[in-house]
Amino acid sequence: MGKNPFHEDLDDTFRGVRVRAHTDEHTYEGWCGRWYYNEHAVVIYDAERDDGEEVGAVTLSEPETVERLPPTDTIEEVRVADIAPSPYTYRSMDDAAHQKFIKETRERGHLLTYPTVRPVAGDEQRDHECAYEVVAGHRRFNTAQKAGLETIAVRIADLDAWEAVERFVDDHVAIQGGDERHMYGQEEIDQMLARLRKNWDDDRLREIEVLTPYLEEKLAATRSEALRQGYLADGRGDR
């Protein structure tokens with residue numbers, strides 16, 4: 001039996017673009033995935049419900065309407081081998097929950113949500129030959145590697161190196177008094193800052209307000225601590 005031209009047109013119009021889907025109970029926004037025509041259902045990835053709940057991948061049965069939203073980032077299928085992690089990621093990923101996630105992904109054959117990457121061809125700071133670098137979703141990317149996936153769907157964000165730094169810090173360093181769950185601890189922040197200071201001068205890094213206490217108070221509180229942590233090039237003063 002040949003493919004239904006209406007279904008093909010529906011896929012071309014919606015798949016991989018950001019949508020808003022209305023059901024009789026909630027409204028969801030996310031990235032449109034596969035349509036299940038016989039079941040009158042659609043999969044929405046990275047979905048956020050109208051009550052603010054981030055629900056990840058969700059299958060909506062018989063949605064009332066599905067509308068395209070203005071385009072933002074592009075969703076594409078990319079070879080895992082063409083993606084490198086951010087140079088600032090230092091989080092351990094050997095916990096039991098992550099190992100379970102890897103096993104489930106290997107059995108499923110795909111990720112449930114999209115990592116975000118940026119094109120890095122021509123980026124002088126990169127220390128790899130990959131075409132893309134992870135901006136957000138390092139656990140998902142690591143899972144894809146460990147699960148042996150050859151390709152994954154990714155959100156491609158048009159970010160330069162500095163914009164990627166701002167996004168990474170915002171995702172990993174809690175503001176003072178903010179929610180620290182899933183954020184970097186002190187050791188990870190120290191490692192991240194050491195790498196940041198290799199690529200960016202302190203004045204530029206101070207533009208990211210949340211880093212200022214670590215730069216001014218913790219990392220450079222004493223000359224001996226800065227030397228021990230590697231934030232001074234030698235024993236004669238600041239870099």
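Q: Let's start with helix 2. Which of its residues are buried?

A: This is a predicted model, so keep that in mind throughout. In helix 2, the buried residues are His 98, Ile 102 and Thr 105. Looking down the axis of helix 2, you find these buried residues within an arc of 70 degrees, so they line one face of the helix.

Q: Why would residues spaced along a chain end up pointing the same way?

A: The general idea is that an α-helix has 3.6 residues a turn, so residues three or four places apart point the same way. On the face of helix 2 turned away from its buried side sit the exposed residues Ala 96, Ala 97, Lys 100 and Glu 107. As for what covers the buried side of helix 2, helix 3 (138-147) is included.

Q: What is the span of helix 2, and what comes just after the helix?

A: Helix 2 covers residues 96-108, and its 13 residues reach 18 Å from first C-alpha to last, close to the 18 Å expected at 1.5 Å a residue. Just after helix 2 comes Gly 109, with a positive phi of about 90 degrees.

Q: Let me try helix 4 (161-172) in the same way. Which residues are buried there?

A: Ala 161, Trp 162, Ala 164, Val 165, Phe 168, Val 169 and His 172 are the buried residues of helix 4. Seen down the helix 4 axis, they fall within an arc of 155 degrees, so here too the buried residues line one face of the helix. Helix 4 has twelve residues and reaches 17 Å from its first C-alpha to its last, close to the 16 Å expected at 1.5 Å a residue. The cover over its buried residues includes strand 8 (116-119), strand 9, helix 3, helix 5 and helix 6 (202-205).

Q: Now for the empty space. How is it found?

A: Rolling a probe the size of a water molecule over the atoms shows where empty space is left. In this structure there is one cavity of 30 Å³ or more, and the largest cavity holds about 130 Å³ of space.

Q: What lines the largest cavity?

A: Its lining has 17 residues, and those nearest the centre are Ser 86, Pro 87, Tyr 88, Arg 118 and Glu 133. Strand 9 (132-136), helix 4 and helix 5 (186-199) are the elements that give two or more residues to this lining. Helix 4 provides the largest share, four residues. By class, the lining of the cavity has eight nonpolar, three polar and six charged residues.

Q: And how does the largest pocket read?

A: About 1000 Å³ of space lies in the largest pocket. Of the 26 residues lining the pocket, Glu 54, Thr 113, Ala 136, Gly 137 and Arg 140 lie nearest its centre. Strand 3 (41-49), strand 4 (54-61), strand 9, helix 3 and helix 4 each supply at least two lining residues. The pocket lining divides into seven nonpolar, eight polar and eleven charged residues.

Q: One last stop: is Glu 62 buried or exposed?

A: Glu 62 has a relative accessible area of 56%, and the cut-off for exposed is over 50%, so Glu 62 is exposed. You will find Glu 62 in the loop between strand 4 and strand 5 (65-68). Leaving aside residues up to four places away in sequence, Glu 62 touches Glu 39, His 40 and Ala 41. Glu 62 and Glu 39 are 23 residues apart in sequence, with their C-alpha atoms 7.7 Å apart in space.

Conventions
Residues numbered from 1 in each chain as written. Predicted model: local features only at pLDDT ≥ 70, side-chain atom pairs only at ≥ 80, totals over all residues. Heavy atoms only, no water. 1 Å grid on protein atoms, 1.4 Å probe; cavity = no way out; pocket = protein on both sides within 12 Å on 5 of 7 lines; lining within 4 Å. Points joined across faces, edges and corners; volume = space filled by probe spheres on them. Nonpolar A, V, L, I, M, F, W, Y, C, P; charged D, E, K, R; others polar. Expected span 1.5 Å × (residues − 1). Buried < 20%, exposed > 50% of the residue type's maximum accessible area, 1.4 Å probe, protein only. Arc of directions from axis to C-beta. Contact = heavy atoms within 4.5 Å.
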